[in-house]
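Please read this note alongside the sequence and the structure shown below. The points are numbered so that each can be checked in turn.

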There are 2 protein chains.
Amino acid sequence: MITYELDKKSSEPLYVQIYTKIKEDMESGAIRSDEKLPSKRNFASNLGVSVITIENAYNQLIAEGYIRSVPHKGYFAEKLSANIVGKSPEKKISTPAVIENDAENRLFPFTIWAKLMREELSSNQSNLLKKPTFEGVYELREAISHHLKQFRNITASPEQIIIGAGSEYLYMLMNILFSVGRNYTFAVEEPGYSKIAEIYANYGIKCERIPVLDDGIDTDYLKKIDPNIIHISPSHHFPTGVITSVSKRYSLLEWASSSEDRFIIEDDYDSEFRLSGKPIPSMYSIDVMDKVIYMNTFSKSLASTIRISYMVLPQTFLHKYREKLGFCSCPVSTFEQYTLARFIDGGYFEKHINRMRAHYKKCRSELFGKMKKFDIFKNSVISGENSGLHCIVEFQSDLHDEELLEQVSALGFKAMMIKNFYHETVGQDYHTLIFPY
Amino acid sequence: MITYELDKKSSEPLYVQIYTKIKEDMESGAIRSDEKLPSKRNFASNLGVSVITIENAYNQLIAEGYIRSVPHKGYFAEKLSANIVGKSPEKKISTPAVIENDAENRLFPFTIWAKLMREELSSNQSNLLKKPTFEGVYELREAISHHLKQFRNITASPEQIIIGAGSEYLYMLMNILFSVGRNYTFAVEEPGYSKIAEIYANYGIKCERIPVLDDGIDTDYLKKIDPNIIHISPSHHFPTGVITSVSKRYSLLEWASSSEDRFIIEDDYDSEFRLSGKPIPSMYSIDVMDKVIYMNTFSKSLASTIRISYMVLPQTFLHKYREKLGFCSCPVSTFEQYTLARFIDGGYFEKHINRMRAHYKKCRSELFGKMKKFDIFKNSVISGENSGLHCIVEFQSDLHDEELLEQVSALGFKAMMIKNFYHETVGQDYHTLIFPY
């Protein structure tokens, strides 16, 4: 039977991967016309995916005329005409729109955002048409500066703040700043948000992975591999929920300050959603050696369709940064920048965060209540439940992670296997699942 | 006297460069406290800049407490306190906002744009909060697809169109696509829009420069240096105004198609502003070997504060592209993307372009009329006047370019020296100035 290597960590849905591979095989002739394709059930079990995944892939291929369904017989490859294989502009390769979390959409204060944007459109025409400097609109950087002071106890002047178009854009800048011409080695957290390493790797950056322990990354391992840049999320590590301890923070700062070629990128992307407990000071705010670059994004805290991120550069970095990247235009439209400035200044961002926190707290208590009802959660250990948008459950069970996932899914829980966030999992079971609120 | 190397091609104003250098010298101790700084006039003549430039730099330094002005004595360095040198968040390093062309701002149909954006805000909430695929909002890609067909005779399906946040963002993508892991050599045009080469160089891309002849880039030179990627603007080269001839286009396509590792980036950034004459087909539209990547931007044709660009990928490229860059989020907010889609579909983009063209035509005829009045333009040769937003004037004169510039400026003309757009100018005079309309 056809066997494909699927990338379960990819941002591309599995069905799109299968769909793409079948199409490629048809185009290359590996699947001949009129060949029978595997049944949905067999194919699913062979690839280790759900039947629905195969069904989605087949349906897309049928819709585009690549395969046909014959009742009671199965699925067959169509004969490829020039129309389909060739340079036809009608040929559709559709990636389905990624549907975001409904809660996020329901909670986004769209009416207020729309009102502020309308106000900007009515009252700020001349500024909206004035091209900002590469750092972004000053008013927004001022609003962020105030916000950081008030809510994160970070002292950063607007001059130190650079606006970007989402986190990925900031990662690109980090590449130019540190990798090009310097060949600095980066290190990210393992397990971790795989996109960061993927993006760095795509730039050709040498990127190592450092295990995350109970109190932050493993500093022995850090010293062993000796990278130049560590990209970490000390206030809330994804997916483990680990919060880097204060002493570990100092130890990381010590590491960074003992060489000119070492820096720390503090990715604070969901620090706003800490649900309880005392917030720990950011690394940036305790750094006196200008070693920490702080970054955060509104795409996570506000709405994924508003692509605005920012970073705070150490004072002594500004000249260097301007020299290397001062030629860039700010990639975010002024319309959005002014609207966001107004949104923050008007106190709406704070209100939104509070609302989101209350919402996630409610979800969390509902989730915990529901968990209590089922035996499978007996004696399981919950961690990372105070910060961010999910918790981690380690089960007392000999079941494989896949089986655990299947069982809790059958009980109506939404969960993910933590092992998917490890770069290298040697078939290991962690008996641990992630439960988003 | 203090002498600084200034970068006249830099996007950073000269006064900011001087201000920065003086500050650095003070911080490093090269300028001691209470040292007298050169007089504005002497300093200006020494650096080859205007007195106003020095004045601006000095005023900024005074405002920030770095230097003091003593009446009838001159300017003196202040003693640097920890407040100024250290990590003071109040310390301002201000880059002045870049003020855009007034004409552009006046002509941008702000009222219509605002109306369409309001309509989107009122009617399209659920889509505005739906995260698009990495390629961008489908409706916008569809609108661009229709636009390209109608106005550029380019057949490209929406699936082939990728939305970016300004041209520079697309250049970044080109880097990931072609340079990382492949080490492809790029080549750009000489003279040319210096930012392109600068950006590529910042990524560590090996970037050559190919002389532009009367009919496009020098193909003999191209074959000699043998790059992988050529980044060119065949419909209107900046700053010479050269339009690549049809036969040269075929010869470039032949070059590209004779090796798997050769591609052409067709940067069509101001093709909309062709003022007269028959438009020449795009390279993309005559390419049958999938060798041309077409790119364009609305930041140039619409408003510099709307950061939306796009590129058209050859069909056979889509899989490869998705594999390498499919993990990226589209960097442009959905609010802007839907508004632009509506703007194009409603015919407003076409109307805007027509209005701009009429405006630039009028400016051109006024400029030519004014030129006729002055002897210095006698027997001069005008070129590149039909496409784009400026023309080139080659003078019959033995004057140095700087003197020419001074003379026409004194007559009230706005002009630039073409030699500023050459990467290497060995003190050569071109007797040629660029006149924007």
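Predicted model: local features only at pLDDT ≥ 70, side-chain atom pairs only at ≥ 80, totals over all residues.

1. The pairing of the chains comes next. Chain B can be superposed on chain A with an RMSD of 0.3 Å by a turn of 180° together with a shift of 0.1 Å along the axis, and that is the relation of a two-fold axis. Of the interface residues of chain B, 99% are also interface residues in chain A, so the copies meet through the same surface.

2. As for the extent of the interface, 78 residues of chain B are in contact with 78 residues of chain A, and the two chains bury about 7000 Å² between them, with 60% of that area on carbon and sulfur atoms. B:F110, B:L129 and B:F327 supply 11% of the area that chain B buries against chain A, which is more than any other three residues.

3. What kinds of polar interaction cross the interface of chain B and chain A, and how many are there? The rule finds 0 salt bridges across it, whereas 15 residue pairs, both members at pLDDT 80 or more, are in polar contact. Several helices of chain B, among them α1 (14-28), α9 (167-179) and α16 (334-345), each supply at least two residues of the side that touches chain A, and α6(B) gives the most to that side, with 7 residues. By class, the side of chain B that touches chain A has 36 nonpolar, 21 polar and 21 charged residues.

4. One residue of chain A deserves a separate look.

5. Over all chains, the structure holds 30 salt bridges. In one of them the side chains of A:E55 and A:K40 meet at 2.6 Å, N to O; A:E55 lies in helix α3 (residues 51-63) and A:K40 in helix α2 (residues 40-47), so the pair ties together parts of chain A that are 15 residues apart in sequence. A:E55 is partly exposed, with a relative accessible area of 30%, and A:K40 is partly exposed as well, at 23%.

6. A second salt bridge joins A:R262 to A:D226, with the closest N and O atoms 3.1 Å apart. A:R262 lies in the loop between α12 (246-257) and β8 (263-267), and A:D226 in the loop between α11 (219-225) and β7 (229-232), so this pair ties together parts of chain A that are 36 residues apart in sequence. A:R262 is buried, with a relative accessible area of 17%, while A:D226 counts as partly exposed at 42%.

7. In chain B, B:R68 forms a salt bridge with B:E78, the closest N and O atoms being 3.3 Å apart. B:R68 lies in strand β1 (residues 67-70) and B:E78 in the loop between β2 (74-77) and α4 (82-85), so parts of chain B that are 10 residues apart in sequence are tied together. Turning back to chain A, salt bridges that share partners join A:K115, A:E119, A:E120 and A:R342 into one network.

Key: Residues numbered from 1 in each chain as written. Chains lettered and ligands numbered in written order. Heavy atoms only, no water. Contact = heavy atoms within 4.5 Å. Buried area = accessible area lost by both parts, 1.4 Å probe. Salt bridge = Lys/Arg side-chain N within 4 Å of Asp/Glu carboxyl O. Polar contact = N/O pair within 3.5 Å; in protein donor to acceptor, adjacent residues only side chain to side chain. Helix = DSSP H or I, 4+ residues; strand = E, 2+ residues; numbered from the N terminus. Nonpolar A, V, L, I, M, F, W, Y, C, P; charged D, E, K, R; others polar. Least-squares fit on C-alpha atoms with pLDDT ≥ 70 in both. Buried < 20%, exposed > 50% of the residue type's maximum accessible area, 1.4 Å probe, protein only.
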